[in-house]
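Here is a friendly briefing to read alongside the sequence and the 3D view. Please keep both open as you go through the points.

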Amino acid sequence: MGFPLLSPSYCCGSQPSPPIFHGLLRFKPVTSLRKPSSQKRQLCQSGRASKILAYYGLTTPPYELDALEPYMSQRTLELHWGKHHRDYVDSLNKQLAKNPLYGHTMEELIKVTYNNGNPLPEFNNAAQVWNHDFFWESMQPGGGKLPQGGLLQQIEKDFDSFSNFRDKFVESAMTLFGSGWVWLVLRTEEKRLSVVRTSNAMCPLIWGDIPIIGLDMWEHAYYLDYKEENVRAIC
Amino acid sequence: MHGVSLPFSFACGVRSSSIRASPRSFLWPTPNERRKVRCALITAQFELKRPPYPLDSLEPHMSRKTVEHHWGRHHRSHVDGLNAQIAGTQLEEMELEDVVIASYNKGSPLPPFVHAAQVWNHDFFWQSMKPGGGGKPSGKLMELIERDFGSFERMLKEFREAASAQFGSGWAWLAYKANRLDVGNAVNPCPSEKDNKLVIAKTPNAVNPLVWDYSPLLAIDVWEHAYYLDYENRRADYVSIFIEKLVSWDIVSSRLDIAMARAAERAREDERRRQEDDVEITNSEAVEMYVDSDNNSESE
């Protein structure tokens with residue numbers, strides 16, 4: 001099986017990093033975006049033993065950086081996505097250059113680097129890249145309101161009502177101490193929806209559950225807009 | 001000045017410091033017990049201590065807005081939370097440090113730990129800074145820094161690295177570590193001052209080096225709320241400014257003096273206890289340490 005000889009423009013990840021953002025950037029719709037899950041390979045042209053490198057790219061949120069105003073300011077998005085999320089991607093790529101864990105999708109990489117509870121140094125970065133990708137996709141301009149169809153039915157089945165679920169979700173987020181995430185997950189074994197909390201970079205993929213919604217409760221996600229009044233941010 | 005006030009002192013005729021429950025032997029009440037006791041008046045409360053300088057005096061390195069939110073909201077909510085949680089329990093009668101250690105519960109923290117530790121940590125943090133801070137330490141502190149890290153710059157480098165590497169929320173510390181085990185029969189046969197070292201540590205969330213029996217000397221809060229308004233994501237810049245412009249080395253030095261005195265006192269106590277044990281053994285009925293093998297080999 002031969003690998004295509006790729007031009008240098010692919011070496012830097014599945015998509016080139018956008019220039020420093022401002023409100024004028026346009027983003028593609030979500031459909032084509034699972035790019036960080038794939039990796040590109042580069043064969044050394046000189047025919048020496050091939051060096052396989054895996055890089056991950058910074059996905060862009062499927063909306064403009066000011067599209068979530070007034071609930072999440074443009075400045076927050078610029079920092080959160082453009083600095084924090086980008087830092088995780090860059091740091092992960094730097095680590096992978098030294099310790100090539102190649103051949104993985106992002107989800108697989110998280111499980112591999114979690115290393116059954118003894119996480120490798122790459123874990124924090126890998127998990128945070130995935131978590132943030134998921135977070136941006138969990139939101140949309142004009143979002144909120146009620147879910148529809150099968151999701152609403154399942155929520156009503158597993159939480160008795162949507163407002164029960166909402167209360168549980170808010171309470172979970174409010175009582176999280178330190179940095180972490182709150183999730184609505186589908187528990188694969190029990191086959192029901194559940195609200196779970198994780199610390200730091202932990203992600204429910206680790207234990208095989210399927211995340212449906214992710215909320216970043218690290219202070220950087222809400223501090224500029226809400227400071228310590230995180231209940232308003234969550235609602 | 002331990003920050004405990006007795007607003008309802010008429011209800012409790014004894015000052016809290018005289019009812020010092022041992023930090024290691026207390027009972028965390030069951031929910032039913034707590035409900036019953038909560039009807040009693042609260043007799044001792046922790047106060048929110050003000051930083052020892054006006055809230056705007058750390059400008060431009062730490063803005064007034066940051067200090068107002070950090071001290072006035074975050075720190076205050078921990079004090080209120082702590083008072084609510086320990087009401088009616090034995091912890092109410094303890095000094096704050098003892099509450100921290102007791103509620104840490106040797107690694108299985110009880111509910112009050114988070115608030116107790118964060119109250120202590122934040123008090124410590126505000127006192128670690130002063131307007132016009134920075135510069136270099138001197139005297140014994142500088143001597144130990146150079147002994148244990150090689151140079152002041154090396155120590156700062158380690159401190160910066162610890163502060164940056166703390167993933168998520170937490171704290172970075174310079175601490176004085178006395179080489180002591182909290183186990184009754186562990187005795188250092190040749191104790192010396194050189195066993196006690198300065199160390200850099202980082203801790204997650206609310207944990208602090210008191211729980212490891214270290215003596216903290218300096219702390220920096222690396223929870224994002226401590227720097228986000230002023231430095232956004234640039235934690236490294238915040239840490240640098242903290243070191244260069246805010247640290248009060250005088251306070252750190254005085255903490256070191258207290259820590260060294262405490263370590264020396266405890267070493268003396270250990271030595272005294274060891275000598276008492278030796279005397280006990282000597283004075284007791286003759287204890288046969290060695291079986292006389294000749295007796296065994298003889299018959300009858």
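Predicted model: local features only at pLDDT ≥ 70, side-chain atom pairs only at ≥ 80, totals over all residues.

A residue is called buried when its relative accessible area is under 20%, exposed when it is over 50%, and partly exposed in between, using a 1.4 Å probe and protein chains only.

Residues are numbered from 1 along each chain as its sequence is written, chains are lettered from A and ligands numbered from 1 in the order in which they are written, and side-chain values use heavy atoms, leaving out hydrogens and water.

**Chain A at a glance**

- Chain A has 7 helices and 3 strands; these are DSSP runs numbered from the N terminus, helices being H or I with at least four residues and strands E with at least two.
- Along the sequence, the pattern of chain A reads α-α-α-α-α-β-β-β-α-α.
- Chain A has 235 residues, and 45% of them count as buried.
- Of the contacts in chain A between residues at least 6 apart in sequence, 63% join residues at least 24 apart; a contact means heavy atoms within 4.5 Å.

**The sheet of chain A and its helices**

- The 3 strands make an open sheet in the order S2-S1-S3 (chain A), with antiparallel pairing; two strands pair if DSSP finds at least two bridges between them.
- S2 and strand S3 (210-216) of chain A are at the edges with a single partner strand each, so one side of each has no neighbour in the sheet.
- On average, neighbouring strands of this sheet are turned by 20 degrees against each other, direction ignored.

**A helix pair in chain A**

- Helix H1 (residues 74-98) and helix H3 (residues 122-138) of chain A pack at about 145 degrees, with their axes 9 Å apart.
- On the H1(A) side the contact includes A:Leu77, A:Trp81 and A:Tyr88, and on the H3(A) side it includes A:Val129, A:Phe135 and A:Trp136.

- Which residues touch the most other members of the largest nonpolar core? Of its 126 residues, they are B:Met155, B:Leu198, B:Ile220, B:Tyr238 and B:Phe242.
- A nonpolar core is a set of buried Ala, Val, Leu, Ile, Met, Phe, Trp, Tyr and Cys residues joined through side-chain atoms within 4.5 Å.
- Leaving aside neighbours within four places in sequence, B:Met155 is in contact with B:Ile145, B:Phe149, B:Leu174, B:Ile200 and B:Trp249.
- An open, antiparallel sheet of 3 strands runs in the order S4-S3-S5 (chain B).
- Strand S4 (197-204) and strand S5 (215-221) of chain B are its edges, each with a single partner strand, so one side of each lacks a neighbour in the sheet.
- Strand S3 (residues 170-177) of chain B pairs with S5(B) over 6 antiparallel bridges, and B:Ala172 has B:Ile220 as its bridge partner.
- Helix H9 (residues 249-283) of chain B lies across S3, S4 and S5 of chain B, running at about 145 degrees to S5(B).

**Backbone details worth a look**

- B:Thr89 sits in the loop between helix H2 (64-86) and helix H3 (96-104) of chain B, where a polar atom of its side chain lies 2.8 Å from the backbone oxygen of B:Ile86.
- The peptide bond from A:Glu69 to A:Pro70 is cis, with omega near -5 degrees, and A:Pro70 lies in the segment before H1 of chain A.
- The bond from B:Glu59 to B:Pro60 is cis too, with omega near -10 degrees.
- A:Asn116 is not a glycine, yet has a positive phi of about 55 degrees; A:Asn116 is exposed, with a relative accessible area of 80%.
- B:Glu232, also not a glycine, has a positive phi of about 50 degrees, and at 15% relative accessibility B:Glu232 counts as buried.

Note on methods. Axes fitted to C-alpha atoms, helices over the stretch in contact; angles between N-to-C directions. Polar contact = N/O pair within 3.5 Å; in protein donor to acceptor, adjacent residues only side chain to side chain.
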